[in-house]
Amino acid sequence: MRNLVIALSLVTFACGGKEEAKAPASAAPVVDLALPADPGEALSVLEAKKKGSGEEVLVVGRVKDIVKGFSTFNLTDLSFKYCGEVPGSMTDKTPWDYCCDPADEVAAATLTVEARGPDGRPLRGAMPSLRLLDLVVVKGRVEKDEHGNVTIIASGWFGRERPDLPGGLHWPE
């Protein structure tokens with residue numbers, strides 16, 4: 001039996017076969033639903049939140065939070081300025097947040113964007129085309145739960161703008 005295993009290994013090697021490198025079982029796939037072109041005029045986050053479940057929408061806003069390990073993020077209405085846009089706050093150590101506004105008001109102007117698989121469950125994985133504060137247009141379908149929370153089930157997104165940080169600051173991981 002041992003000789004058979006050795007012989008098969010030699011045949012595989014001699015025939016140019018090679019073992020493919022496999023990602024660790026715990027590695028999440030990369031999910032990138034970046035659209036190749038700007039899909040056009042879009043609703044604000046506040047307007048999109050008024051739409052009914054099942055409606056297809058284009059919605060524009062800024063990436064507020066990214067859920068680590070999942071293809072899920074929060075999108076905030078452009079009527080709110082992130083701290084880096086507020087005059088005099090560029091010395092803030094976290095210019096990517098919305099600390100200048102009441103948290104409940106920001107939450108009311110934020111919705112969730114989620115990429116889902118064929119089974120309807122959120123996709124796991126990194127989203128290399130997105131970063132905090134990116135101005136994006138999301139294409140997807142509105143879903144509302146029994147509590148009125150709004151999620152856009154994304155079929156794609158397009159990054160319109162990526163702001164820079166002041167010198168010496170780095171984006172959070």
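Q: Which residue in β5 does Leu-58 stand opposite?
A: In this predicted model, Leu-58 stands opposite Lys-139 of β5.

Q: How many bridges join β2 to β5, and do they run parallel or antiparallel?
A: Seven bridges join β2 to β5, and the two strands run antiparallel.

Q: What about β2 and β3, how many bridges there?
A: Five bridges join β2 to β3, again in an antiparallel arrangement, and one of the positions to look at is Val-63, whose bridge partner in β3 is Leu-75.

Q: Which residue in the hairpin of β2 and β3 takes a positive phi?
A: That is Gly-69, with a phi near 90°, in a hairpin that has four residues between its strands.

Q: And β1, how does that strand run relative to β2?
A: Strand β1, residues 43-44, runs parallel to β2 and is joined to β2 by two bridges; Ser-44 is found opposite Val-60 of β2.

Q: Let me step back: what is the order of elements from the N terminus?
A: The order is α-β-α-β-β-α-β-β-β, which comprises three helices and six strands.

Q: How many bridges does β4 make with β3 and with β6?
A: β4 is joined to β3 by five bridges, with the two strands antiparallel, while three bridges join β4 to β6, and that pair runs parallel. For reference points in the model, Thr-76 has Thr-110 of β4 as its bridge partner, and Glu-114 stands opposite Ile-153 of β6.

Q: Is β4 mostly covered or mostly open?
A: It is mostly covered, since four of the five residues of β4 are buried.

Q: Changing topic, how many aromatic pairs does a search of the whole structure find?
A: The search finds one aromatic pair. The partners are Phe-73 and Trp-157, whose ring centres are 5.3 Å apart and whose planes make an angle of 85°, so the pair is edge-to-face.

Q: Which parts does that pair tie together?
A: Phe-73 belongs to strand β3 (residues 72-76) and Trp-157 to strand β6 (residues 150-161), so the pair ties together parts that are 84 residues apart in sequence.

Q: Are those two buried or exposed?
A: Phe-73 is buried, with a relative accessible area of 0%, and Trp-157 also counts as buried, at 1% relative accessibility.

Q: What else is Phe-73 in contact with?
A: Setting aside neighbours within four places in sequence, the contacts of Phe-73 include Val-63, Ile-66, Leu-111, Val-113, Met-127, Leu-130, Val-136 and Val-138, as well as Asp-65 and Thr-112.

Q: Which residues touch the most other members of the largest nonpolar core?
A: In that core of 26 residues, the ones touching the most other members are Phe-73, Leu-75, Leu-111, Val-113, Val-138, Ile-152 and Trp-157. Two or more residues each come from α2 (45-48), β2 (56-67), β3, β4 (110-114), β5 (135-144) and β6, and β6 gives the most, with four residues.

Q: What about Arg-62, buried or exposed?
A: Arg-62, which lies in strand β2, is buried, with a relative accessible area of 6%. Beyond neighbours within four places in sequence, Arg-62 is in contact with, among them, Glu-85, Asp-134 and Glu-161, and the list also includes Tyr-82, Tyr-98 and Leu-133.

Q: Where does Leu-133 lie, and what is its phi?
A: Leu-133 lies in the loop between β4 and β5, and its phi is near 75°, a positive value in a residue other than glycine. Most residues other than glycine have a negative phi. Leu-133 is also buried, with a relative accessible area of 1%.

Q: What share of the whole protein counts as buried?
A: Of the 173 residues, 34% count as buried. The accessible surface comes to about 10,700 Å², and 56% of that belongs to carbon and sulfur atoms. Among contacts between residues at least 6 apart in sequence, 68% join residues at least 24 apart.

Q: Last one: what is the average pLDDT, and where is it below 50?
A: The average pLDDT is 80, with 72% of the residues scoring at least 70, but over residues 1-26 the pLDDT is below 50, and that stretch has one contact in the model beyond near neighbours in sequence. Where pLDDT is low, the predicted coordinates should not be read in detail.

Note on methods:
Residues numbered from 1 in each chain as written. Predicted model: local features only at pLDDT ≥ 70, side-chain atom pairs only at ≥ 80, totals over all residues. Heavy atoms only, no water. Buried < 20%, exposed > 50% of the residue type's maximum accessible area, 1.4 Å probe, protein only. Contact = heavy atoms within 4.5 Å. Areas by Shrake-Rupley, 256 points an atom, 1.4 Å probe, with all protein chains shown as cover. Phe/Tyr/Trp six-rings, centres within 6.5 Å; stacked < 30°, edge-to-face > 60°. Core = buried A, V, L, I, M, F, W, Y, C linked by side-chain atoms within 4.5 Å. Pairing = 2+ DSSP bridges. pLDDT = per-residue confidence, 0-100.
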